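Open the model in your viewer and keep the sequence panel handy. We'll go stop by stop, with something to select at each one.

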Amino acid sequence: MAEIEECKHYGIDPKIVERFEKRIERLLRDMDKYGLSLFCGSAGTIRADDFYEGMPLVVGHIRGTNHDGGDGGVSSEYDGLQRGE
């Protein structure tokens, strides 16, 4: 669900954010069918470039079970394949 006050502050229609949320959630469901997950930080959120003390404004939340978070580290392993943290 779009964050109404944050959307107003940023000057974007919450319905636009809700459409993005639904598209992302549909994509996550499709990816889940293949055992895939999306790396998107410690929380599945849609953020705007409205920084206050270095923190972006959160205008929406993504509901899904196959998104993951953390530092996003990626390295090549002994088998030559890239693996994430």
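Which residue's side chain does a polar contact of 2.7 Å join to the side chain of arginine 47? Select threonine 45: a polar contact of 2.7 Å links its side chain to that of arginine 47. A polar contact here is a pair of N or O atoms within 3.5 Å; within protein, one must be able to donate a hydrogen and the other to accept it, and residues adjacent in sequence count only if both atoms are side-chain atoms.

Before going on, a word on what you have open. This is a predicted model, where local features need pLDDT of at least 70 and side-chain atom pairs count only at pLDDT 80 or more, while totals for chains, interfaces and linings use all residues. Residues are numbered from 1 along each chain as its sequence is written, and side-chain values use heavy atoms, with hydrogens and water left out.

**Stop 1**

Helices (H or I, at least four residues) and strands (E, at least two) are DSSP runs, numbered from the N terminus. Threonine 45 has a relative accessible area of 17%, so it counts as buried. The cut-offs are under 20% relative accessible area for buried, over 50% for exposed, and partly exposed in between, with a 1.4 Å probe and protein chains only.

Now show what surrounds threonine 45: leaving aside neighbours within four places in sequence, it is in contact with Val58, Gly60, His61 and Ile62. Contact means heavy atoms within 4.5 Å.

Arginine 47 is partly exposed, at 47% relative accessibility. Not counting residues up to four places away in sequence, arginine 47 touches Pro56, Leu57 and Val58.

**Stop 2: helix α2**

Select residues 14–32, which form helix α2. Is glutamate 25 in this helix buried or exposed? Glutamate 25 is buried, because its relative accessible area is 9%. Its touching partners, not counting residues up to four places away in sequence, are His61, Ile62 and Arg63.

Move along α2 to arginine 29. Arginine 29 counts as exposed, at 51% relative accessibility. Its C-alpha atom lies 8.8 Å from that of threonine 65, 36 residues apart along the chain.

**Stop 3: the start of the chain**

Pick methionine 1, in the segment before α1 (4–10). Methionine 1 is exposed, with 57% relative accessibility. Even so, methionine 1 touches Glu18, Glu21, Gly60, His61 and Arg63, not counting residues up to four places away in sequence. C-alpha to C-alpha, methionine 1 and tyrosine 34 are 26 Å apart in space and 33 residues apart in sequence.

**Last stop: zoom out**

Switch to cartoon and follow the chain: the pattern is α-α-β-β-β-β-β-β. The radius of gyration is 15 Å, well over the 12 Å that the globule rule gives for 85 residues, so the protein is more spread out than a compact globule. That radius is taken over C-alpha atoms, and the rule is 2.2 Å times the number of residues to the power 0.38. Along the principal axes, the C-alpha atoms fill a box of roughly 50 × 35 × 15 Å. Buried residues account for 20% of the 85 residues.
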